[in-house]
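Please consult the sequence and the structure alongside the text.

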Amino acid sequence: IFFLILWSRRRDDDTYALFGAASIVWGVRNVLDVLYHLAIPQPHWEIAMTSLYFLFVGLLCLFCLRFVGVRLPRYERLLRGAMIASPILLYALLPWVSVLTSSRYILLGMLGFVVPPLYVVARKALLERSLGAVLITLAGAVAFGFGIYDWAAVGSPGMFDTVRLVPYAALFFTTAVGW
């Protein structure tokens, strides 16, 4: 909420809005999962959690681009479209594919979406030696590693949604952005 308040005072910089929204999605997703796990029946629960997860990751990707002052219009349109389409696609695939299998494909797609912002931020960190960009690069690299773990975990029998690590990447981002 603090970042959204900052954004309300500096509307010309949507970096604050993106990070604030990502943080709120991160918090809502975690609270729902911890306090209300499986509060709605499957497949709706998995679709909701995967959609919130993708929204969180997508907002962080957009934040990273804004943080370094880069605009990638085609990528951003594709990312926004994918964030909107993911729950629709998950529901559409239900007659043919289990929700857990389709969620796994969505998670793999999310990993692909992380690569361009991570590259752009890392490039800035290397070229300009900006401590802020270095911190965001490290947070992004940790998040990407967590994403690989999450993708592998979702495909393993007996793994539960609560073992997903990407939501914890927000702690690294919060530290870097707070700095």
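Glu76 forms a salt bridge with Arg80 (a side-chain nitrogen of Lys or Arg within 4 Å of a carboxyl oxygen of Asp or Glu), with the closest N and O atoms 3.9 Å apart. Because Glu76 and Arg80 are four residues apart in helix α4 (residues 73-93), about one helical turn separates them; helices here are DSSP runs of H or I with at least four residues, numbered from the N terminus. Glu76 is buried at a relative accessible area of 4%, whereas Arg80 is partly exposed at 37%; buried means under 20%, exposed over 50% and partly exposed in between, with a 1.4 Å probe and protein chains only.

The model is predicted: local features need pLDDT of at least 70 and side-chain atom pairs pLDDT 80 or more, while totals for chains, interfaces and linings use all residues. Residues are numbered from 1 along each chain as its sequence is written, and side-chain values use heavy atoms, leaving out hydrogens and water.

A salt bridge also joins Asp14 to Arg66, at 3.5 Å between the closest N and O atoms. This pair links distant parts of the chain, 52 residues apart: Asp14 lies in the loop between α1 (2-9) and α2 (15-35), and Arg66 in helix α3. Asp14 is partly exposed at 26%, but Arg66 is buried at 9%. Asp14, Arg66, Glu76 and Arg80 are linked in a network of salt bridges.

Helix α3 itself is mostly covered, with 20 of its 24 residues buried. Just after α3, Gly69 takes a positive phi of about 75°.

Note on methods: Helix = DSSP H or I, 4+ residues; strand = E, 2+ residues; numbered from the N terminus.
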